[in-house]
Amino acid sequence: MTIETAAQRVTTAATGTSTDADYFRLDDDLSPEEISVRNKVRAFAQERVLPVINDYWERAEFPWELVPALAGLKVAGTTIQGHGCPGLSRKAAGMVAREIARADGSINTFFGVHSNLCMGAINMLGSEEQKDRWLPAMARLEKTGAFALTEPEHGSDSVALETSARLEGASWVLNGHKRWIGNGHAADIVVVFARNVADGKVNAFVVEKEENGEYPAGYRPEVITGKVGKRAINQADILLTDLRVPAGNRLTACHSFKDVSRVLQATRGGAAWEAVGHAMAAFEIAADYASKRTQFGKVIGGYQLVQARLANMLSELTAMQLLCNRMAELADRGQLTNAQASMVKMATAQKGKWICNEARDLLAGNGLLLENHVARHMTDMEVVSTYEGTDSIQALLVGRDITGISAFN
């Protein structure tokens, strides 16, 4: 198949029509369940998200109108078994992230924070009673979630978090400062990580809105403004001042930062699949544009320089897809290591940023316009490369695995 033929069979995601940038036909190996998940999420993304997202992005507002339709997909909780969750395979969960991100990263972040980080933390670190208490309503998106780990002075080194927790009677009292907490200003359920003053270990606590819809006294969130990426999802700066959390809201299986790391390892794959989604959309937009844009008397897709760029974009995209597929296979077998997950996240973030930048450049001035969607994917990829561990941090995790020597100390 030539690149020209590939461009002919690609109809850009921005038009809301069916797309196909699966050059090595990896989706042919999806199970019927995985195909069903892919198709219904793709339809939601193209029919509901794409027509409205640019306006919300420009206004830096979250499209709450989409939440009922998102709930109707019945994919919240992805791989979690029981408690009203769908129990999807890793590839099916990857399809969810990939297809939402092909439309928009802000919606994917909202879903990932809610479904993977918050629900995932409760599932991995909570007791059966705690799972039964919170997960079913979250699976129906009747209650939304957030995950409060990062602090102003502790991002990549979140292991050194300073937020404190002390047991006082039947309550834990939390004090500290969290930042860059997706949906942290609006979520009904927020998993907050704090250091137990009694033993210095990191524990997890569930903060819930009260019956009146307000946060308890001592939880003060403020939306961060001025972002240039993922503008349609709000992140919060949160001050915790003598915040009282019922003793029963401490997640019972979180005894140290190693338990937090287990959650992060499980969710790192979602960021990699998201990068694939952004890269697929950017390539599709570029290939479609090259087949239509005329300069110097012919379509630019007929020029050697453009064909070489498209070929290299597709090659890197295919490498990303192969990495994510193999990662999902290893995860389903219980064989995926933390270093392997880090390598996939690092590689897909780097390649995804490059593909989105190439696509924006190929569209030239038109690539700067929101109506062509590629600039939104480009800035979203800047965010993806930062959260869930930067490229540098992922490289050090892989490097430690290679050499047996930690470069963090």
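Modeller: Before we start, helices here are DSSP runs of H or I with at least four residues, strands are DSSP runs of E with at least two, and both are numbered from the N terminus. This is a predicted model, in which local features need pLDDT of at least 70 and side-chain atom pairs count only at pLDDT 80 or more, while totals for chains, interfaces and linings use all residues. Residues are numbered from 1 along each chain as its sequence is written, and side-chain values use heavy atoms, with hydrogens and water left out.

Biologist: Which helix does I100 lie in, and why does I100 count as buried?

Modeller: I100 lies in helix α4, residues 90-103. Buried means under 20% relative accessible area, exposed means over 50%, and partly exposed is in between, with a 1.4 Å probe and protein chains only. The relative accessibility of I100 is 3%, so I100 counts as buried.

Biologist: What is I100 in contact with, leaving aside its neighbours within four places in sequence?

Modeller: Contact means heavy atoms within 4.5 Å, and with those neighbours left aside I100 is in contact with V41, A45, L70, I107, N108 and F111. The C-alpha atoms of I100 and V49 are separated by 8.5 Å, although these residues are 51 apart along the chain.

Biologist: How do you know what helix α2 should span?

Modeller: The expected span of a helix is 1.5 Å times one less than its number of residues. Helix α2 (residues 32-59) has 28 residues and should therefore span 40 Å, and its end C-alpha atoms are 39 Å apart, which agrees.

Biologist: Where in α2 does a kink lie?

Modeller: The bend at a residue is the angle between axes fitted to the seven residues ending there and the seven starting there. In α2 a kink of about 55° lies at V49, shortly before the proline P51.

Biologist: What makes R25 count as exposed?

Modeller: R25 has 53% relative accessibility, and therefore counts as exposed. R25 lies in the loop between α1 (3-9) and α2, and its phi is near 55°, a positive value in a residue other than glycine. Most residues other than glycine have a negative phi.

Biologist: Why is K74 called exposed, and where is K74 found?

Modeller: The relative accessible area of K74 is 63%, so K74 is exposed. K74 is found in the loop between α3 (67-72) and β1 (81-82), and its phi, near 55°, is also a positive value in a residue other than glycine.
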